[in-house]
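My notebook is open, and I am starting on a structure that is new to me. I will jot down what I look up, one topic at a time.

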Amino acid sequence: MFRGMHYVYSVYKERSFSRAAAALHISQPSLSANIRRIEEKVGCPLFDRSTKPLEVTECGARYIRCAEEIMAIENGFESYINDLEGLKTGTLNFGGSNFFSSWVLPPMISDFSREYPDLNITLTEARSVELTRMLQDAVIDFVMDNKELDLEVFDRRQVGNERLLLVVPEGFSANMTLGEFQIPLSEIRSGSFRESRTPAVPLYHFTDCPFILLHPENDTGKRSYQICQEQSFHPHVVLELDQQLTAYNIASSGLGITFSGERLLSSVPPNPKLVYYKLASRFVTRNIYLYWKRGRYVSKAMQVFMEFIASPGNSTETKKAAPGEAAE
């Protein structure tokens, strides 16, 4: 009943028969027929076809977990065989949140692929909770995140750090008296704003202003609330979201103030509708890590990538902390 499980897994990932068929390069009727044959062998439906996007049934969720365990075993053995072939073939599976998958990992993977063109590399975008589960199940090899994961379960390598900044819609009246605190985007991109000569803005200047924050389960959200609490500041929160990039885009529309990492602000196109401020807090600096499952077989491809990312010019560490500033 697990023969053809890649068909089921593709539908699960895409949440759609049509998108899965396109990804698999087969017709939708052929894919549907394969799924029906598997469901007949299992004895119950794997997908609730009445939902949009498509959801798995209780039986389907268990099938997916078993399929992931099988794929993890297959990937482990494949990695061993590929090591014997000197990286002429092989796979590397990366995972990242919306931001890391969109802005940080693609250029890094592209540079690595140019050196090792025979490796098959995949990138999975998902929420941190889902990525952590997939990493623990060895479905993916690496996850890049700024979140602190359990070091009894995962190994990690620091690949950079960044500071959070305050992002304020240009039209907010609070900006009118805070010119001395405002930072040009060029200083964020160069990292010079970290120097002590750049003053940090106190949050009380934004009392009664609307804020767009991330949920506390998100590292950016957790740190945002910690920064506010440290300054005895109570933000007027009008929206709580899941993604840093979404909060930034909504702030661009003028709805509210948000907290963004300097790496995001250095990656997105310049936006004249936003004003940027430095923050002072022990929670403002965070590290960026590459995580993998502790105790798993580390393939030669994984070893080579870790060596690659540690070499000068390949790390996400593009900015140095100012003297006296320690990364957390």
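**Tyrosine 297.** I began here and found tyrosine 297 partly exposed, with a relative accessible area of 36%. For my own reference, buried means under 20% relative accessible area, exposed means over 50%, and partly exposed lies in between, with a 1.4 Å probe and protein chains only. Tyrosine 297 sits in the loop between strand S12 (285-293) and helix H11 (300-310). Helices (H or I, at least four residues) and strands (E, at least two) are DSSP runs, numbered from the N terminus. I also looked up its distance to lysine 278: the two are 19 residues apart in sequence, yet 43 Å apart in space, C-alpha to C-alpha.

**A note on the model.** This is a predicted model, where local features need pLDDT of at least 70, side-chain atom pairs count only at pLDDT 80 or more, and totals for chains, interfaces and linings use all residues. Residues are numbered from 1 along each chain as its sequence is written, and side-chain values use heavy atoms, leaving out hydrogens and water.

**Surface patches.** Tyr297 turned up again in a nonpolar surface patch of about 390 Å², together with Phe77, Tyr80 and Ile81. Patches are made of residues with over 30% relative accessible area and no salt bridge; like charges are joined within 9 Å and nonpolar side chains (Val, Leu, Ile, Met, Phe, Trp, Tyr) within 5 Å. Accessible areas come from the Shrake-Rupley method with a 1.4 Å probe, and for residues only the protein chains shown count as cover. Isoleucine 81 belongs to helix H4 (residues 58-84) and, at 31% relative accessibility, counts as partly exposed.

I then found a positive patch formed by Arg3, Arg36, Arg37 and Lys41. Lys and Arg count as positive and Asp and Glu as negative, while His and the chain ends are not counted. The place of a charge is NZ of Lys, CZ of Arg, CG of Asp or CD of Glu. Arginine 36 lies in helix H3 (residues 28-42) and is partly exposed at 46%.

**Helix H1.** Is this helix mostly covered or mostly open? I found 7 of the 10 residues in H1 (residues 5-14) buried, so I call it mostly covered. Among the buried ones are Met5, Tyr7 and Val11. Just after H1, arginine 15 takes a positive phi of about 60 degrees.

**Salt bridges.** How many are there? I noted 17 salt bridges, each a side-chain nitrogen of Lys or Arg within 4 Å of a carboxyl oxygen of Asp or Glu. Aspartate 219 pairs with arginine 286, the closest N and O atoms being 3.0 Å apart. Aspartate 219 is in helix H8 (residues 219-230) and arginine 286 in strand S12, so this pair ties together parts 67 residues apart in sequence. Aspartate 219 and arginine 286 are both buried. Another bridge joins arginine 197 to glutamate 195 (2.9 Å, N to O); here arginine 197 is exposed at 56% and glutamate 195 partly exposed at 34%. Within it, aspartate 137 meets arginine 133 at 3.4 Å, N to O, and both are buried.
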